[in-house]
Amino acid sequence: MTHPIDLDTWLADNETALRTLRRDLHAHPELRFEERRTADIVAGYLTSLGYTVERGMAGTGVVASLPGKDPSRGIVLRADMDALPIQEANTFAHASCHHGVMHACGHDGHTTMLLGAAHALRQLPQLPGSVHFVFQPGEEGGAGAQKMIDDGLFERFPTQAVFGMHNWPTLPAGEFGLRSGPIMAAGVRFRITIRGKGAHAAQPHLGLDPIPLACSMVLQFQTLAARHKDPVSAAVVSVCMVHAGDTDNVIPDTAELRGTIRTLCSTVLGQLQNDMCRIGDGLAAAYGASIESEFFQYYPATVNTREETALCERVMRETFGDAATHADVPPNMTSEDFGFMLEAKPGAYVLIGNAPRGETGAGLHHPAYDFNDGIIGDGIRYWVALAQAYYQSK
Ligand SMILES: [Zn+2]
Ligand SMILES: [Zn+2]
């Protein structure tokens with residue numbers, strides 16, 4: 001090992017290279033489980049630092065481990081690598097060169113910050129336990145975190161705690177947010193197929209029109225969140241896709257509704273799912289139609305554990321100050337597959353402000369979104385301080 005670095009000097013020396021790396025990743029986004037170029041860049045960067053790199057978990061996942069004095073002890077710091085099927089609206093030089101694919105959730109920035117942390121921590125004094133840098137694929141709807149766990153992540157890399165971080169466009173750059181307990185929601189996706197009977201548009205009495213039934217269902221489903229659960233527990237029921245018919249003079253045979261239910265608690269999620277089935281079946285019976293309701297488990301709630309959250313909060317306060325630390329942010333109804341890691345291990349998922357000073361940046365999943373390069377240094381500082389603090393606290 002070379003002589004330990006001073007982190008501020010190291011960040012000043014590496015800022016330009018990290019910004020260039022982030023913009024290169026932004027310009028070359030890849031969809032879930034297709035992150036081959038990204039994984040090559042991540043693995044190449046880590047290998048050039050002297051890390052042994054484990055590839056292939058969940059397909060395109062990359063893991064590198066910084067060995068601690070006791071190899072049975074370890075923590076995971078996790079970043080996600082995938083982009084979204086969105087056509088980028090930005091026209092700057094690093095805009096996506098892949099049509100219809102875009103880093104609209106800032107995973108390019110997450111990857112860059114974790115690579116920077118892997119770089120910096122390697123040049124700092126050895127820690128009592130190991131730090132596993134996990135670059136996972138398929139966060140956007142692919143449950144890549146669960147696939148990495150299924151592929152033996154925690155058996156190959158002994159882990160006592162897991163930590164994640166997401167950029168947050170409504171929080172100013174330089175500030176952080178977190179909370180103990182659920183920070184993001186559990187979700188289930190649904191598809192309801194309504195079977196009626198097609199007919200000529202002018203002879204509805206000869207068929208069974210599925211469209212009025214579909215419309216009734218959409219309206220009745222809105223009572224689920226409002227009338228069927230404790231108002232204090234959060235829930236969202238969104239019908240996001242309604243499809244029926246192909247032309248304007250034919251009553252179709254079928255109609256299809258698709259959407260999602262999000263809650264902060266899995267009991268409420270199960271209850272709403274049952275209520276949705278009951279309402280759907282009852283309405284279908286009333287109209288004389290038949291329906292098929294399918295539910296696809298999405299992500300569990302992202303639930304931060306108390307002790308690890310308190311540690312992250314302390315790191316934020318000590319590194320960035322009390323004014324920059326928002327210790328009790330409200331939970332968000334978005335979902336995150338880091339929830340799977342937090343089901344398996346204690347840990348905390350935190351938010352890092354992404355809004356440029358004095359501005360509100362475009363939101364996550366928006367075609368004009370961009371990760372703020374000005375926060376790369378803060379993200380690295382947080383990861384480095386967290387790894388050091390974790391082992392000081394144990
Ligand atoms: Zn996203
Ligand atoms: Zn994301």
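Visitor: Which strand gives the largest share of the lining of the second largest pocket?
Guide: That's S12, with 4 residues. Keep in mind that this is a predicted model.

Visitor: Which strands supply at least two residues each there?
Guide: Strand S8 (186–195) and strand S12 (254–263). Among the lining residues are Arg189, Arg191, Arg258, Arg262 and Tyr298.

Visitor: And what classes do they fall into?
Guide: The lining of the second largest pocket has 4 nonpolar, 2 polar and 4 charged residues. Its volume is about 240 Å³.

Visitor: OK, how much space lies in the largest pocket?
Guide: About 360 Å³. The lining there is made of 21 residues, and Glu139, Glu140, Tyr298, Ser335 and His365 lie nearest the centre. By class, you get 10 nonpolar, 5 polar and 6 charged.

Visitor: New topic. Where does UniProt place the "binding site" feature?
Guide: The unreviewed UniProt entry puts it at Cys105, His107, Glu140, His166 and His365. They span 261 residues in sequence, but no two of their C-alpha atoms are more than 13.0 Å apart, so they gather at one spot.

Visitor: Which of this set are in the lining of the largest pocket?
Guide: Cys105, Glu140, His166 and His365.

Visitor: What coordinates the zinc ion, ligand 1?
Guide: Cys105 through SG, Glu140 through OE and His365 through NE2, at 2.0 to 2.3 Å. Along the chain, the donors follow the spacing C-x34-E-x224-H.

Visitor: What does Cys105 bridge?
Guide: Cys105 bridges two zinc ions, ligand 1 and ligand 2, which lie 3.2 Å apart. Cys105 and His365 also link distant parts of the chain, 260 residues apart. Cys105 is in the loop between strand S3 (70–80) and helix H3 (107–122), while His365 is in the loop between S16 and H10.

Visitor: Is Cys105 buried or exposed?
Guide: Buried, because its relative accessibility is 6% and the cut-off for buried is under 20%.

Visitor: And how does His365 count, at 39% relative accessibility?
Guide: Partly exposed. Leaving out residues up to four places away in sequence, His365 touches Leu84, Ile86, Ala104, Cys105 and Glu140.

Visitor: What about His166, where does it lie?
Guide: In strand S5, which covers residues 161–172. His166 counts as buried, at 3% relative accessibility.

Visitor: What is His166 in contact with?
Guide: Setting aside neighbours within four places in sequence, the contacts of His166 include Cys105, His107, His110, Glu336 and Tyr349. Val350, Leu351, Ile352 and Leu364 are in contact with His166 too.

Conventions. Residues are numbered from 1 along each chain as its sequence is written. Chains are lettered from A and ligands numbered from 1 in the order in which they are written. This is a predicted model: local features need pLDDT of at least 70, side-chain atom pairs count only at pLDDT 80 or more; totals for chains, interfaces and linings use all residues. Side-chain values use heavy atoms; hydrogens and water are left out. UniProt positions are given in the numbering used here, feature names are shortened, and annotations may be inferred rather than shown by experiment. On a 1 Å grid over the protein atoms alone, a cavity is a set of points where a 1.4 Å probe fits but cannot get out, and a pocket is an open set with protein on both sides within 12 Å along at least five of seven lines; lining residues have an atom within 4 Å of a point. Buried means under 20% relative accessible area, exposed over 50%, partly exposed in between (1.4 Å probe, protein chains only). Contact means heavy atoms within 4.5 Å. Donors are N, O and S atoms within 2.8 Å of the metal (3.2 Å for Na, K and Ca); water is not among the atoms, so sites may look incomplete. Grid points are joined across faces, edges and corners, and a volume is the space filled by probe spheres set on the points. Ala, Val, Leu, Ile, Met, Phe, Trp, Tyr, Cys and Pro count as nonpolar, Asp, Glu, Lys and Arg as charged, and the others, Gly among them, as polar.
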